[in-house]
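User: Can you walk me through how to read pockets and cores in a model like this one?

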Amino acid sequence: LPAGSVRLLVSDGPAVDQLMHPPQMGAKPLNIPQTIAQLNSVHPSDRLYVTLLAPEAQAALDGRTLPALPLSVANAMEPLRQNSGMTLNGESADLMASVPMNAVISGQQIVTLDVVNQ
């Protein structure tokens with residue numbers, strides 16, 4: 001990682017799902033294969049997840065997440081945001097790890113770390 005601040009999200013499964021597949025206003029209804037794919041990608045609530053929140057744009061369109069978009073691509077996709085329900089976020093979520101908890105957990109916490117070069 002480059003030197004500077006980095007944010008980590010320590011959370012339950014639904015918080016990860018909300019980052020990876022944010023709700024889209026005005027989005028087209030999903031067909032059956034898209035619905036099945038989305039249901040299969042849901043993160044269970046009996047695991048603890050650690051997600052890196054990188055300072056890069058992330059878009060969600062048609063049930064897919066497009067992380068780490070270059071700024072030029074994010075700007076070119078801006079008209080889609082109003083017309084087709086695309087969401088654009090200033091941070092990209094990169095799931096780093098998960099640990100089984102043997103119980104259902106709920107909640108989230110963001111931890112800010114300072115990365116230094118040595």
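**Pocket and core**

Analyst: Let's start with the second largest pocket: β1 gives the largest share of its lining, 3 residues. This is a predicted model, where local features need pLDDT of at least 70 and side-chain atom pairs count only at pLDDT 80 or more, while totals for chains, interfaces and linings use all residues. Residues are numbered from 1 along each chain as its sequence is written, and side-chain values use heavy atoms, with hydrogens and water left out.

User: What is the volume of the second largest pocket, and which residues line it?

Analyst: Rolling a probe the size of a water molecule over the atoms shows where empty space is left. Here the volume is about 160 Å³. The lining is L1, P2, A3, G4, S5, V6, L52, A54, P55, E56 and V115. Two or more of these residues come from each of β1 (4-11) and β2. By class, 8 are nonpolar, 2 polar and 1 charged.

User: Which residues make up the largest nonpolar core?

Analyst: A nonpolar core joins buried Ala, Val, Leu, Ile, Met, Phe, Trp, Tyr and Cys residues through side-chain atoms within 4.5 Å; buried means under 20% relative accessible area (1.4 Å probe, protein chains only). In this model the 6 residues are L9, V16, M20, Y49, L53 and A93. At least two come from each of α1 (13-20) and β2 (47-54).

User: Is T51 buried or exposed?

Analyst: T51 is in strand β2 and is buried, at 1% relative accessible area. Its contacts (heavy atoms within 4.5 Å), leaving out residues up to four places away in sequence, include L9, V16 and A93.

Notes:
Buried means under 20% relative accessible area, exposed over 50%, partly exposed in between (1.4 Å probe, protein chains only). Helices (H or I, at least four residues) and strands (E, at least two) are DSSP runs, numbered from the N terminus. On a 1 Å grid over the protein atoms alone, a cavity is a set of points where a 1.4 Å probe fits but cannot get out, and a pocket is an open set with protein on both sides within 12 Å along at least five of seven lines; lining residues have an atom within 4 Å of a point. Grid points are joined across faces, edges and corners, and a volume is the space filled by probe spheres set on the points. Ala, Val, Leu, Ile, Met, Phe, Trp, Tyr, Cys and Pro count as nonpolar, Asp, Glu, Lys and Arg as charged, and the others, Gly among them, as polar.
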